[in-house]
Amino acid sequence: MRLYLELARRAFQQTLTYRGAALAGIFTNGIFGIMIASVFLAFYQSHGSGDAVQGWTRDQTITLVWINQSLLMTVYLWGWWEVTRNIQSGAIVTELLKPYDYFTYWLSRDFGRALAHFLVRGVPTFLIGAIVFDILAPESWLRAASFLLSVAMAVIVSFCLRFMANLAGFWVLDYRGIAAMFAAIMNVLSGMLAPLAFLPDPLRIVANALPFRAVIMTPNEVYLGQVPIWEGLGFQMLWIVILIVSARLLMATGERRLVVQGG
Amino acid sequence: MGNIADIRSDIGIALRIAALRLRGQMQYRSSFLMQIFGNFIVNFAEIIVLWSLFQNFEDLGGWTLEEVIFLHGLSMVMFSLGDTVANGVQTVPELIRDGNFDRTLVRPMSSYIQAMVNEVSLRHFGLLGQGLLLLGIGMATVSTEWTVAKLLYMTVVIVSGLALFAALFTIEAILSFWTVNSIEAVNAFTYGGSDLGQYPLHIFRQGMRFLFLWVIPVGFMTYYPSLYFLDKPDPLGLPAFAPFVAPVAAVIFCFVVGKGWTFAIRHYRSTGS
């Protein structure tokens, strides 16, 4: 356990080192946040009254836009292909020999990284949104605390999904196509681009049941009071259990294949 | 430099290098196709979401889905072409970091052209294909009379937009002469500019409109020409010739960026390692 805490701490510090990059990133997230929020404001304006659309009021949607921009880096929505690169370079062979659990090793590091990104990228981006737009505060302290817990769980779900996508490297040599597909699926099914409630019916029902929702949508729903707290956190917990088991099974299958390949 | 014959031979050599790089890439056919496909699918997902939004809301700042799709197509075509042309320029930060940029300075050829052909990639053709598709769908479905004059001017506008986006990617390269870590901020103008160009400019707040019209003239490449193409009114109240300044704005912007590049080269100090 101490080893994994140390790994998380190192990854945390490593992420904090790049201050210039963090500032540049906050600026970029800020500009994109303002743009996307403006598009939604214009959509709601065409709607005329301040009524909710598919259960989402204007202010709720704007708040979601800023939560999404703030969580983007914390949950590392699009990119992280270190395991794939390890598989391709063959470095994974020596890493598997080391006296730690490979999955937990990366999970600890990712958690440290996520905490750093939450503090240096997430919080400032959210503040920009709160200054420039009308953003809703959580209803209660309990909701706020649950939101933080939900974000932590979103990081684990996101990590499992990314880890499994990385393991595709055991089977395919070129991961760029998979990377692009992964990004596209994440963008739509997590609720990054728009609340899932806005999707057309069959797609919406499917998206609401899939684990991608737990990465972006669930923290939003917990924050905004769209679902009971226990329901949101329970949904995430369920997927964490399923995904950790699947990721380990997939890893074991991939490892066997690696041994065959390596001769 | 400066001699017309020199520049012509430079371009000839550059084209030959570009052709070689492309041939090298084509050797990995499945990888190449996979990248184009991936490039296509990412933006396709965004279009699905855009379409869903129009199912829930009536219009976007007075623009219909068809008109917004046209604008998306126009912006995507410009961006993907500019990105393709400036592909090598985007490797300048890497060249500087590894100390490889020095080599381009001692060769008897413009270092900008050398950077340009350092990497030639057609991976953005996925986006180009999608942009053309959306542009076509938009043109076919909007209720507008298409004239020869409009089509000719659209070609001019696309070339101007290409130059603008290539110049924006060059700014990234210019900044990397001083800082490597902070260039992510330029993404707000390249990718951000392309995204912003996909929506009617008047829905944005004044600060954003000013930035993307008068500092980085994306609005003059996508929004204003589209007012002319689609016969839309201008709620921002610029003079009637505003849809036609795209080429002028592009030339001015490229000129300023070109000066910046020359300045950066003159002040370049190698990493020394």
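1. Let me start with charge pairing across the interface: between chain B and chain A the count is zero salt bridges, a salt bridge being a side-chain nitrogen of Lys or Arg within 4 Å of a carboxyl oxygen of Asp or Glu. Over all chains, the count by this rule comes to 10 salt bridges.

2. A word on the ground rules. This is a predicted model, in which local features need pLDDT of at least 70 and side-chain atom pairs count only at pLDDT 80 or more, while totals for chains, interfaces and linings use all residues. Residues are numbered from 1 along each chain as its sequence is written, chains are lettered from A and ligands numbered from 1 in the order in which they are written, and side-chain values use heavy atoms, with hydrogens and water left out.

3. On confidence, chain A has a mean pLDDT of 91, with 97% of its residues at 70 or more; pLDDT is the predictor's confidence in each residue, from 0 to 100. Helices here are DSSP runs (H or I, at least four residues), numbered from the N terminus.

4. Back to the interface. The contact (heavy atoms within 4.5 Å) takes 40 residues from chain A and 39 residues from chain B. Together the two chains bury about 3300 Å², 74% of it on carbon and sulfur atoms; buried area is the accessible area (1.4 Å probe) lost on putting two parts together, summed over both. B:Asn56, B:Phe57 and B:Arg205 supply 19% of the area that chain B buries against chain A, more than any other three residues.

5. One salt bridge is worth a look: A:Asp110 pairs with A:Arg162, their closest N and O atoms being 2.7 Å apart. The pair links distant parts of the chain, 52 residues apart, with A:Asp110 in helix α6 (residues 102-132) of chain A and A:Arg162 in helix α7 (residues 141-167) of chain A.

6. Which residues line the largest cavity? They are A:Ile36, A:Phe40, A:Leu64, A:Val65, A:Asn68, A:Gln69, A:Met192 and A:Leu193. A cavity is a set of points, on a 1 Å grid over the protein atoms alone, where a 1.4 Å probe fits but cannot get out, and lining residues have an atom within 4 Å of a point. About 50 Å³ of space lies inside the largest cavity, a volume being the space filled by probe spheres set on the points, which are joined across faces, edges and corners. The largest share of its lining, four residues, comes from α3(A).

How values were computed:
On a 1 Å grid over the protein atoms alone, a cavity is a set of points where a 1.4 Å probe fits but cannot get out, and a pocket is an open set with protein on both sides within 12 Å along at least five of seven lines; lining residues have an atom within 4 Å of a point. Helices (H or I, at least four residues) and strands (E, at least two) are DSSP runs, numbered from the N terminus.
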